[in-house]
Every structure is written in C-alpha cells, then in structure tokens.
Amino acid sequence: MALITRLLLCALLLWPALGQAAVEVREFDDPVTEQRYRDLTATLRCPKCENQAIDDSDSPIAGDMRERVYLQLQDGRSDKEILDFMVNRFGDYVLYNPRLEGRTLLLWGLPAGLVLLGALVVVLMVRARRRTSARDLSAEERARLDALIKRERTE
Amino acid sequence: MKRRLLLLLPLAGFLVLGAFLYMGLSINPFERDSALMAREFPAFELTTLEDPERVVDASLLEGEVTLVNVWGEWCPTCKQEMPQLLDLAERGVRLVGVDYKDTREKGREFLTEFGNPFEVNIFDPEGSLGFDLGVYGAPETFLVDREGIIRYHHTGYIRPEDVRETILPEVERWR
C-alpha cells in the first residue's frame, strides 16, 4: 500500500515535466525577437485542439505554425504581418485576442457599455433618493404624521 | 409600477446573455467556415504523386469545377472516405488529390489498396500547400469553381449522405 502511494507521488511529481514536450529549442539573435516569439505563440490558438495556444500543443499543425512564426521572425516580418498570415489561412479563430474592427465592435464595446450603463443607473437612483428625502412635508402630510404619533403615544 | 419593471432590467439582460452563451455551447467548433472561402486557390508549385518529373500549379484547377481532397496514407479517416470519393468520381465529378505529409511509396500503396478516384494527385510532402489551404487535419475537401475560386469546404469525414445532401448539390451549383 505504502509503495503504491509512493509510486503515485513520484508520477505526480513528474507530471509537469511531461507537459513540456511541445517546446522545441530555438535559436534567437536577440532577446527581443525571442520575447516576440513567445508572445506570438502564446496568442495564436491551435486550430485543431480548440482551447490551447500553439505554444503548448503537441498537435502537428501547432508545430507547423510555430515553425512559420519562427521563420517569419527571422525574415524580419512584423507581428501584424505574421498574425495576418495566420488569419488568412486559418481564420479569426486562431486569434486569442480578437481584433477591434466593425464586426467585433459589439464584443469589445459591450463590457464597457454595461459598466457605463450601470454607473448611469446608480447616479439616477442616488439623485432620485436625494430628492425625495430633501422634500418638505405638505401641511396635510404633517397633520397625518402628527395624528399617527399621537395615536402611538396614547396607546 | 414603472420603477418595478426597471428593476427587472438586469434580469432580462442576464437572460439574454445566458441564452446567447448557451447557444455557443452547442456550436461545433470544427464546422467553422474556411478562411479561404470565395478566395483564389493558393498558388503552389509541386510535383505529382504519379510523376516526380511533372510540376503542376494552380492552373491545374482552372476550366472545370474540381473537388480537391487532402489526404494521406497515415490518416485512417481518409481510408473510410474513399468509397464516397470513388462514388463521386463515378458520377462524373472531377477530383484532384493532395497527398499531404506523406511519402511517395506510401501514397501510391494507399491508392492501389483503396482505389484511385483522382485525376491527378499533388504531392505535398512538407505540407506547404496544406498549410496555405489552412488544413489542420486530413481529410479536408475543397470545391473549386472553373475560375479557380474556392466555393465550398468540408472538414473531416465525408459520409455517404453528405455526398447526396451537400457535395453533389454544391458541385451542380457551381457548374
């Protein structure tokens, strides 16, 4: 029993090491390009495996895409050119960060719009409440209030 | 009364958002349209599987409505799909194959064993044409019209009913 537990523990400890199988060794001329490579492969989504970036997928297509990103960086292409290259082939699906354009306006605008709407509702509610509390009682209301207080006391 | 209704507004908003997200759950992520839809078939220059000396390019696909099927010997679904492709060829549809990430010997063996519905096969050992087509797994099938524009895309296995229900009507539509 104790042996099985120990073996399981060993397996669990090795687990993170197994997860890194997808990373190839790449040579970069400068750390800036290396960082751009990391950022690009983290923001491109693997078309085959749904919810994995290409930098941690073992799928063959993710490997091909990393290779293209690397080669294009070596060619001196800009991040935008590389992302365009991928979108032209695999569609907007591969972007984890959707672009801000006509079709995605709702996507980007909705959260901000909702926050603004919420702020507006709060402001209107506070104002309305302030107005009611600041209002003076009319003579009729005053008389009713007095009558109620009086009744309370006599009872 | 009016104020009461106003209080229901967040709930209504939540329900709309919930319905929207719930619909998202039932979308099959593999049924998305190809990014190449209504665009020209990507340029390429590759040899054919049949003849290592013969170089073909995208002009191969002009002049006739063509079904381009991306396959490979390593792909089990491609084997299951072959009877449907043979059926399509028998019905007079022009098929061109792309032998994707394969070796010449294995590709040829595959065709001898499972039949050859293709007029010609483009040999793509590096997967460069496949990459330009946005192929992320075989089989994938593209319908190209006579001007060389991609008009229809099918990801994955073509079932016998797909031949009748979608592929043949699409071929007719672009003829």
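## Confidence of the model

pLDDT is the predictor's confidence in each residue, from 0 to 100. The structure described here is a predicted model, and its two chains are treated in turn below. Within chain A, the lowest confidence falls in helix 1 (residues 2-18), where the mean is 61, whereas helix 4 (residues 79-90) has the highest, at 96. Over the whole of chain A the average pLDDT is 86, and 84% of the residues score at least 70.

Where pLDDT is low, the predicted coordinates should not be read in detail. Helix 1 of chain A, with its mean of 61, has the lowest confidence in that chain.

## Chain A: a helical chain

Chain A contains six helices and zero strands. Along the sequence its pattern reads α-α-α-α-α-α. Of its 155 residues, 14% are buried. Among the contacts in chain A with a separation of 6 or more, 41% involve residues 24 or more positions apart.

An unreviewed UniProt entry places a "transmembrane region" at residues 105-126 of chain A. In the model this span is 100% helix and 0% strand, and its end C-alpha atoms lie 31 Å apart.

## Chain B: helices and strands

Chain B has six helices and seven strands. The order of these elements along the sequence is α-α-β-β-β-α-β-α-β-α-β-β-α. Buried residues account for 33% of the 175 residues in chain B. Of the contacts in chain B between residues at least 6 apart in sequence, 75% join residues at least 24 apart.

The overall dimensions of chain B can be compared with those of a globule. The radius of gyration of chain B is 21 Å, while a compact globule of 175 residues would have a value near 16 Å. Taken along the principal axes, the C-alpha atoms of chain B fill a box of roughly 80 × 30 × 30 Å.

## Contact between the chains

In the model, 11 residues of chain A are in contact with nine residues of chain B. On the side of chain A that touches chain B, helix 3 and helix 4 of chain A each supply at least two residues. Helix 4 of chain A provides the largest share of that side, with four residues.

## The largest nonpolar core

The largest nonpolar core has 47 residues, and those touching the most other members are Met65(A), Val68(B), Val70(B) and Val144(B). Helix 3 (residues 60-74) of chain A gives the most to this core, with five residues. In soluble globular proteins, nonpolar side chains tend to be buried together.

Val68(B) illustrates the surroundings of one of these residues. Leaving aside neighbours within four places in sequence, Val68(B) is in contact with Leu61(B), Val96(B), Val98(B), Thr141(B), Phe142(B) and Val144(B).

Leu143(B) is located in strand 6 of chain B. Leu143(B) counts as buried because 21 other C-beta atoms lie within 10 Å, and the cut-off for a buried residue is 20 or more. Beyond residues up to four places away in sequence, Leu143(B) touches Leu67(B), Arg151(B), Tyr152(B), Glu170(B), Val171(B) and Trp174(B).

A further residue can be related to Leu143(B) by distance. Phe41(B) is 102 residues from Leu143(B) along the chain, and the C-alpha atoms of the two are separated by 9.8 Å.

## Backbone features in the loops of chain B

Most residues other than glycine have a negative phi, and most peptide bonds are trans. The peptide bond between Ala138(B) and Pro139(B) is cis, with omega about -5°. Pro139(B) is found in the loop between helix 5 (128-132) and strand 6 (140-144) of chain B.

Ala38(B), which is not a glycine, has a positive phi of about 65°. This residue lies in the loop between helix 2 (9-25) and strand 1 (45-47) of chain B. Ala38(B) counts as exposed because it has 10 C-beta neighbours inside 10 Å, where the cut-off is 12 or fewer. Lys101(B), also a residue other than glycine, has a positive phi near 50°. Lys101(B) lies in the loop between strand 4 (94-100) and helix 4 (104-114) of chain B. With 19 C-beta neighbours inside 10 Å, Lys101(B) counts as partly exposed.

Terms used: Residues are numbered from 1 along each chain as its sequence is written. Chains are lettered from A and ligands numbered from 1 in the order in which they are written. Two residues are in contact if their C-beta atoms, placed from the backbone, lie within 7 Å. A nonpolar core is a set of buried Ala, Val, Leu, Ile, Met, Phe, Trp, Tyr and Cys residues joined through C-beta atoms within 7 Å. The radius of gyration is taken over C-alpha atoms; the globule rule is 2.2 Å times the number of residues to the power 0.38. UniProt positions are given in the numbering used here, feature names are shortened, and annotations may be inferred rather than shown by experiment.
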